[in-house]
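Student: I have a new structure to look at. Can you walk me through it?

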Amino acid sequence: MTSASEQQHLAGPLSAAVANLCQRLQPQVSARTAAGFREVLRRLSAPLQVAVAGRIKSGKSTLVNALIGRRVAPTDVGECTRLVTRFQYGTVDRVELVFFDGRKQVLPFDVGGMIPNDLEVDFDKVSHLEAYLTNAVLRDLTVIDTPGLGSLDLASVKRTEQLLGAAKHRKPGEDGDDEPEVDEESGDLDDTSRNAVAGAEAVLYVVTQGVRADDQQALAAFTAATASREAGPVNAIAVLNKADTITPESVTGSDGDVWKAATILAEKQAATLKPRVADVIPVIGLLAESAESGGFTSADADALRSLAQLDDGTWETMLISADIFTTWDCDVATGTRARLLEKLDLYGIRCAVDAIKADPDLTAGALRRKLLDASGLAGVRGRLDAVFRARADGIKAAAALASVTALAHASGDPGERQRVHDAIEVLLAKPEAHQLRLLEALTLVTSGAVDMPDDLAEEVLRVGSSAEIGEQLGMKGRPHKELSAYALERAGWWRSFASFGATPAQSRVAHVVHRAYFLIWQQLRAQ
Ligand SMILES: Nc1nc2c(ncn2[C@@H]2O[C@H](COP(=O)(O)OP(=O)(O)OP(=O)(O)O)[C@@H](O)[C@H]2O)c(=O)[nH]1
Ligand SMILES: [Mg+2]
């Protein structure tokens, strides 16, 4: 069966160039490598694959629901949360359990329209879940919900790594009929494909208050799981989730404001996690999920209106803790209050009641929008668009090229490796494909593979992570003439750095940066 997502077009000219390269090389390589290339081609035409990763219970599934706009991933306890679930676009809502032997079993949604929490299957045999949903967001983004990294449950971790790293479970017929033979012929194909078609091309990393020292390690674990692909500022952003649970009093400069405290903490965490991630954005996943996925109802709005009638003293007392909130004697039923807590938590409830007090005529719809605003989801969406969607072409093409290189290396045939290498060099020498080389250089620098002085690393990051010339030069809005002169000056500087003073590894990066500036200068001159 072919899902709608597989009929998507390529993300842009860079992906098209790499697809073209794969197609041209196919007749010149071994059957095994060619099978890998077919997989790369399939992946190139699918939407960008974004994995939502992070520690256990950091709110990954909640955020996935908010992003998709539907409460479909089970949150809290249950078996599903231990499985990787890939949410992709489909013309009919459908969930499939995928077994390690490639078998699939359709799962019915539960009464609430969610993926069922308890699966009556042999867990050891299950690889992952594939969810096909009609939600428009998934047309150009496949979202992969993962079990918590750093989880003590080794089996879950292994499954995650396998899925992020493996391409074992293809749909029948997808890779041509010769595929199974190749598979039997060589036990290596799975490993090769694992490198070639690692599941995630980008990562949304979920942290909560106080990045622990081993969160950095968890991020590195993601990198390891994506095999040949590094996570870096081009393809990784982080969110500081559960911002509502931050005690503002513990954050200097917050003036007692939760959101301000979250923003300050997010900036601090960005300093810790950079340059592994582009940004750390505060968000309240729970509020976002309730407001965005139909969880917040007019009955909830009515209950909040009743609560808004309480006198200030009672109200402040009730908000001291979740326990007091549910057990305090008041007209709103205890069950209703528990439900509100589950959907909004104390901070969301306070926000909603404040909004009602400020405008007693607020409709349920308007209240829902207020909660959505308070959740910070728009900020996350904005960054997803700016970092992932806008760069999907570059990210996908770079990932595919890394895969092609890995496939050629794994072939064990020096002639084949050289042919692939030469073809890639020809591709990268073209001005229009230079962006790929720049992305590669950027990743080398930000991952620490190539050591650069901080100011130079910063410059590589700036030039490489934007497609807008003003931003690349760090001179947004400045006159054309200034931009042009600066680009030329930096081109010259990087060229001499490449020749004098740089280590061989730095020199390779410097050549790429030099050429990037040169191409910018050429482009400015042509305008
Ligand atoms: N207060 C608050 N609670 C949240 C927020 N986001 C998620 N939660 C709660 O945190 C708990 C865990 O959320 P999940 O989305 O299941 O977390 P997860 O990271 O997917 O968990 P695992 O998959 O088990 O690792 C749930 O009870 C959520 O309701 C948030 O922004 N604020
Ligand atoms: Mg989960």
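Student: Is the crossing of H9 and H13 left-handed or right-handed?
Tutor: The crossing is left-handed, meaning that the near helix is turned anticlockwise from the far one by less than a right angle. Helices here are DSSP runs (H or I, at least four residues), numbered from the N terminus. This is a predicted model, where local features need pLDDT of at least 70, side-chain atom pairs count only at pLDDT 80 or more, and totals for chains, interfaces and linings use all residues. Residues count from 1 along each chain as written, chains are lettered from A and ligands numbered from 1 in written order, and side-chain values use heavy atoms, without hydrogens and water.

Student: At what angle do H9 and H13 pack?
Tutor: H9 (residues 285–292) and H13 (residues 334–358) pack at about 130°, with axes 8 Å apart. That makes H9 oblique to H13, as angles under 35 degrees are roughly parallel, over 145 roughly antiparallel, 65 to 115 roughly perpendicular and the rest oblique.

Student: Which residues of H9 meet H13?
Tutor: Leu286, Leu287 and Ser290. Their partners in H13 include Leu341, Tyr347 and Gly348.

Notes
Axes are lines fitted to C-alpha atoms, for helices over the stretch in contact, and angles run from 0 to 180 degrees between N-to-C directions. Helices (H or I, at least four residues) and strands (E, at least two) are DSSP runs, numbered from the N terminus. Contact means heavy atoms within 4.5 Å.
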